[in-house]
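Student: I would like to learn how to read a model of this kind, one feature at a time. Where do we begin?

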Amino acid sequence: MKKLFVKSAERTLRCLVHRLRSKAIIRRFRLAAFLLWFGHLMVLVTVFFCVHLGFSNQPQYLVVGLGLLLFLPVLTIFRWIISSRTNCPLCLTPVLGGKNCSKHRRARTFLGSYKIVVANSILTKNSFYCPYCYEPTVLEVRQNPRDLADKHGADKE
Ligand SMILES: [Zn+2]
């Protein structure tokens with residue numbers, strides 16, 4: 001009985017979540033989430049490398065350090081472009097972009113950032129809660145209502 005209730009609750013929950021329009025949008029969300037983490041990692045690597053370069057006095061690594069310093073702004077601009085088009089299906093606010101709109105009271109932060117929580121959720125759970133409207137979204141393609149109507153029509157016949 002309990003198992004049946006849990007299955008029913010899961011099914012109801014799956015009906016209430018939002019879905020995305022196409023596979024291209026899902027790929028964009030995953031890429032933006034990956035770039036967010038990769039960008040943070042590259043900042044750490046660059047800082048570590050520059051500090052190490054400053055103390056070690058090895059001029060042969062200077063080119064690598066300058067390359068890392070030039071790569072960071074390019075990566076950041078690319079991430080901004082990708083992230084600005086990761087809109088929540090309900091409130092249409094970019095969940096991985098840099099909007100300063102007020103967040104939902106239940107939205108959580110990690111290291112002071114709402115975007116990291118969303119990126120973690122996208123990469124690990126394949127779903128996320130929008131920090132602005134706090135509605136759940138699954139990274140699946142939304143079914144067209146016309147297709148569903150055709151399917152039900154085919155079942156009745
Ligand atoms: Zn939203």
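Tutor: We begin with the word contact: two residues are in contact if their C-beta atoms, placed from the backbone, lie within 7 Å. Keep in mind that this is a predicted model.

Student: Which residues does Asn-126 contact, leaving aside its neighbours within four places in sequence?

Tutor: With those neighbours set aside, Asn-126 is in contact with Val-138 and Leu-139. Asn-126 itself sits in the loop between helix H4 (114-125) and strand S2 (127-129).

Student: Is Asn-126 buried, partly exposed or exposed?

Tutor: The general idea is to count C-beta atoms around the residue: 20 or more others within 10 Å means buried, and 12 or fewer means exposed. Asn-126 has 13 other C-beta atoms within 10 Å, so it is partly exposed.

Student: How far apart are Asn-126 and Ile-26 in sequence and in space?

Tutor: The two residues are 100 apart in sequence, and their C-alpha atoms are 9.6 Å apart in space. For the protein chain as a whole, take the contacts between residues at least 6 apart in sequence: 59% of them join residues at least 24 apart.

Student: What is there to note about the backbone at Asn-126?

Tutor: Its phi is positive, about 65 degrees, although Asn-126 is not a glycine. Tyr-134 is another non-glycine residue with a positive phi, in this case about 55 degrees. Tyr-134 lies in the loop between S2 and strand S3 (136-141). It has 16 C-beta neighbours inside 10 Å and therefore counts as partly exposed.

Student: Let us step back to the whole chain. How many helices and strands does it have?

Tutor: The protein chain has five helices and three strands. Read from the N terminus, the order of elements is α-β-α-α-α-β-β-α. Of its 157 residues, 15% are buried.

Student: In what order do the strands lie in the sheet?

Tutor: Order in a sheet is read across the strands. Here the three strands form an open sheet in the order S1-S3-S2, with mixed pairing. Strand S1 (18-20) and S2 stand at the edges with a single partner strand each, so one side of each has no neighbour in the sheet. From one strand to the next, the twist averages 35 degrees.

Student: Which strands does H4 lie across?

Tutor: H4 lies across S2 and S3, and it runs at about 155 degrees to S2.

Student: Which residues of H2 and H4 meet?

Tutor: From H2 there are Phe-29, Arg-30, Ala-33, Phe-34, Leu-36 and Trp-37; from H4 there are Lys-115, Ile-116, Ala-119, Ile-122 and Leu-123. By class, the residues of this contact are nine nonpolar, no polar and two charged.

Student: At what angle do H2 and helix H3 (residues 62-83) cross?

Tutor: They cross at roughly 155 degrees, and their axes come within 9 Å. The angle makes H2 roughly antiparallel to H3, because angles over 145 degrees fall in that class. The crossing of H2 with H3 is left-handed. The residues of the H2 and H3 contact comprise 17 nonpolar, five polar and two charged.

Key. Residues numbered from 1 in each chain as written. Predicted model: local features only at pLDDT ≥ 70, side-chain atom pairs only at ≥ 80, totals over all residues. Helix = DSSP H or I, 4+ residues; strand = E, 2+ residues; numbered from the N terminus. Pairing = 2+ DSSP bridges. Axes fitted to C-alpha atoms, helices over the stretch in contact; angles between N-to-C directions. Nonpolar A, V, L, I, M, F, W, Y, C, P; charged D, E, K, R; others polar. Parallel < 35°, antiparallel > 145°, perpendicular 65-115°, else oblique. Left-handed = near helix turned anticlockwise from the far one by under 90°.
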